[in-house]
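Good morning, and thank you for coming.

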Amino acid sequence: MLFGVISSAAADDAVVEAVEARKSGSEWTFSVTLRHGDTGWDDYADGWRVVTDDGTELGARTLFHPHVNEQPFTRSLSGVAIPHGTPSVFIEARTNIGRWGDVRFEVSLAD
């Protein structure tokens with residue numbers, strides 16, 4: 001019997017290719033470059049987030065449409081507050097099939 005569910009084996013994860021982190025005052029701006037085999041509205045990278053080592057979300061960027069003809073692509077998020085003394089954070093990417101990718105991209109922070 002066939003159900004209308006995409007398995008994680010059938011769908012590819014969005015890949016974080018590069019991250020630029022800039023501090024301004026007490027907040028950070030992250031510019032994240034993603035690559036994904038967007039095919040249209042049925043399968044596309046729909047966001048990324050900044051998390052601590054223990055998975056606490058510090059900020060998230062939602063992507064509202066597919067980027068079929070723009071790969072890789074870079075989008076930014078500003079105003080991210082990082083707890084004092086945090087040496088690094090991680091970027092996780094998501095696809096619209098509702099799952100975060102298995103690979104985290106580590107970003108070292110230097111004041």
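Let me begin with Arg104, which lies over the face of Phe90, 4.4 Å from the ring centre. A charge counts as sitting over a ring if NZ of Lys or CZ of Arg is within 6 Å of the ring centre and within 35 degrees of the ring normal. Arg49 is likewise placed over the face of Trp100, at 3.9 Å from the ring centre.

A word on the basis: this is a predicted model, in which local features need pLDDT of at least 70 and side-chain atom pairs count only at pLDDT 80 or more, while totals for chains, interfaces and linings use all residues. Residues are numbered from 1 along each chain as its sequence is written, and side-chain values use heavy atoms, leaving out hydrogens and water.

The structure also holds two aromatic pairs. In one of them, the ring centres of Trp41 and Tyr44 are 5.7 Å apart with planes at 85°, so the pair is edge-to-face (centres within 6.5 Å; planes under 30 degrees apart are stacked, over 60 edge-to-face, the rest tilted). Trp41 is exposed at 59% relative accessibility, whereas Tyr44 is buried at 9% (buried is under 20%, exposed over 50%, partly exposed in between, with a 1.4 Å probe and protein chains only).

I turn to the strands, which are DSSP runs of E of at least two residues, numbered from the N terminus. Strand β2, residues 27–35, has seven of its nine residues buried. Nine bridges join β2 to the antiparallel strand β1, residues 15–24; strands pair if DSSP finds at least two bridges between them. Within this pairing, Ala18 stands opposite Thr33.

Conventions: Helix = DSSP H or I, 4+ residues; strand = E, 2+ residues; numbered from the N terminus. Phe/Tyr/Trp six-rings, centres within 6.5 Å; stacked < 30°, edge-to-face > 60°.
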